Amino acid sequence: MRDFNPDSVAFAKGHFIAGAVVDEPGERLSVARPSDAVDYAELPIASVETVDRAVKDATEAVKRSGWATRPPRERARAMQRWAELIEAKAEELGQLEALGSTRPIAQAVTGDVMGTAEGIRFFSEYADKLGGEVAATRTDHFGMIVSEPYGVVGAITPWNFPLSMASWKVGPALAAGNGIVLKPSELTPFSTVRLAQLAIEAGIPAGIFNVVQGTGAVTGDALSRHPGIAKLSFTGSTRTGIAIMKAAAESGIKPVTLELGGKSPQLVFADADLDKASDCIAGSLLANAGQACVAGSRLIVQRQVADALVAALKSRLARVAPGPTWKSSTGFAPIISELQARRIDTILARSREQGAEVLLGGSRIEGHGGAFYQPTLLAGVTTENAAVREEIFGPVLTIQSFETEEEGFALADHPEYGLAAGVYTADLGRGLRAVRQLKAGTVWINRYSRTLDFILPTGGYKSSGIGKDLGRQAVEANLRHKTVLIDIGG
């Protein structure tokens, strides 16, 4: 992948409504590049009135275009053309993603953009697969369960994987026949607009995919409360998820899908392949500099192999290549903002006060312009330590050890979060016991990462979320079901 000049990237800076970029006057917000902290654009903040316009346009577009009522294979073909366009524009989209996010250009093109295209393609194939069913009833009755789209879905996406997260929301909504109004994070707003423009080029009707820009407090709240939004989907922090649920309930009951925070354990038993385990654990910590909801940020290792595993991790984590996201050689991402870097500083300071010992890292990486953080290992922590309890969203790994299987499972259980977990063992029976014991929406055995198997849903237990993204379940969540009972008796 080639380097690029961040000052040469052209992009639309407004909302995207009715198939066109809209840059209305009003309050604006400066947007900075994470790699060097340079303000590179101003973002319009969609008011309640602008959100209302976008939702009403999407509602009319669904009716006008017949998106929900046309043959489902037509929706599928339009989405497949969209996926092909995304692939054809991979370098352009990758540069736009890398410009304003934490995604290095090499990873953005080959990972994020190609994964986005494949996700849209996957969901397109569900367009004609979920039509309902005939129910078992008395022989003089005919019962049906009919699946119907909601109408217009609202979506709010996070800053850590902007394109990927947008595709997770838009793909299933459109495949099911809905329109969608999406608010991307105000920290990474612009690649989503280009994604929406490509949807129009592919033949998806104008207005079916609208984008409103702005802050969560203004634009996100207005979208959550809008009576024309029939269903909401959000990925982000647990605190914001609670606010969205509250706003949705206060403005009329509507279903919500929430993928929220995580504090995921990586449970390593003495019989595990330590080379493989250390590769997986280091990879999880280094990926996007730990800025992922599923980051495996709690290492729980059987005591007899703890020293060997920590030594292997130190070796792997010392080999990072920080740099600006527009350099093809960059392999280690910046922290999204100075504010987030300060939050990491604060949690680490409290953790040290509570007895944590820094084995590696523990401070900033200087000299790169943006906020970069050293991969950090913390030992000597208890279950009450701040770094163990709180989602840090940075490259920080806590280390706890155990003797027995039961003790390991107990340490893995977090009081608040249950998004994902990793287990490393050569014992198949133990691995299956872990699957049953761990209270998490995803359990990986002898690996720690998602793949392009979009058929596998993702979502959390406890305060890590409600419902699922990806898989058949994501499409079903964008459909509501009507019961029909017909008396056919003579």
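Colleague: How many disulfides does the count come to?

Modeller: The count comes to 0 disulfides, where a disulfide is taken as a pair of cysteine sulfur atoms within 2.5 Å. Please keep in mind that this is a predicted model, in which local features need pLDDT of at least 70 and side-chain atom pairs count only at pLDDT 80 or more, while totals for chains, interfaces and linings use all residues. Residues are numbered from 1 along each chain as its sequence is written, and side-chain values use heavy atoms, with hydrogens and water left out.

Colleague: Which residues are in contact with Asn160, then?

Modeller: Leaving aside neighbours within four places in sequence, Asn160 is in contact with several residues, including Cys293, Asn288, Gln291 and Phe393, and contact means heavy atoms within 4.5 Å. The side chain of Asn160 also reaches the backbone oxygen of Gln291 at 3.3 Å. That is a polar contact, meaning a pair of N or O atoms within 3.5 Å, where within protein one must be able to donate a hydrogen and the other to accept it, and residues adjacent in sequence count only if both atoms are side-chain atoms. Asn160 counts as buried, at 5% relative accessibility, and sits in the loop between strand 7 and helix 5. Helices (H or I, at least four residues) and strands (E, at least two) are DSSP runs, numbered from the N terminus.

Colleague: You mentioned Asn288; what is its phi?

Modeller: Asn288 is not a glycine, and yet its phi is positive, at about 50°. Asn288 belongs to the loop between helix 9 (274–286) and strand 13 (298–302) and is buried, with a relative accessible area of 3%. Asn446, likewise a residue other than glycine, has a positive phi near 55°, but Asn446 is partly exposed at 24% and is placed in the loop between strand 21 and strand 22.

Colleague: Changing topic: how does strand 7 run against strand 8?

Modeller: The two strands run parallel and are joined by 5 bridges, with Val152 standing opposite Gly179; strands are said to pair if DSSP finds at least two bridges between them. Between the two strands the chain passes through helix 5, and this β-α-β crossover is right-handed, which means that, with the strands pointing away from the viewer, the path from the first strand over the helix to the second runs clockwise.

Colleague: And what about the other neighbour, strand 9?

Modeller: Strand 9 (residues 209–211) also pairs with strand 8 in the parallel sense, over 3 bridges, and there Val211 is the bridge partner of Leu182. The chain gets from strand 8 to strand 9 through helix 6 (residues 190–201), and this crossover is right-handed as well.

Colleague: Which way do the residues of strand 8 point?

Modeller: From strand 8, Gly179, Val181 and Lys183 point one way while Ile180 and Leu182 point the other way, and all of them are buried. In a regular strand the side chains alternate between the two faces of the sheet.

Colleague: Last topic: which residues touch the most other members of the largest nonpolar core?

Modeller: Those are Trp82, Ile86, Leu174, Ile204 and Phe209, in a core of 61 residues. Helix 5 (residues 162–175) gives the most to this core, with 8 residues. A nonpolar core is a set of buried Ala, Val, Leu, Ile, Met, Phe, Trp, Tyr and Cys residues joined through side-chain atoms within 4.5 Å.

Colleague: What does Leu174 touch?

Modeller: Not counting residues up to four places away in sequence, Leu174 touches Trp67, Arg75, Met79, Trp82, Ile180, Ile204 and Ile208. Apart from this core lies another, of 46 residues, among them Leu299, Ile344, Ala387 and Leu419.

Key: Buried < 20%, exposed > 50% of the residue type's maximum accessible area, 1.4 Å probe, protein only.
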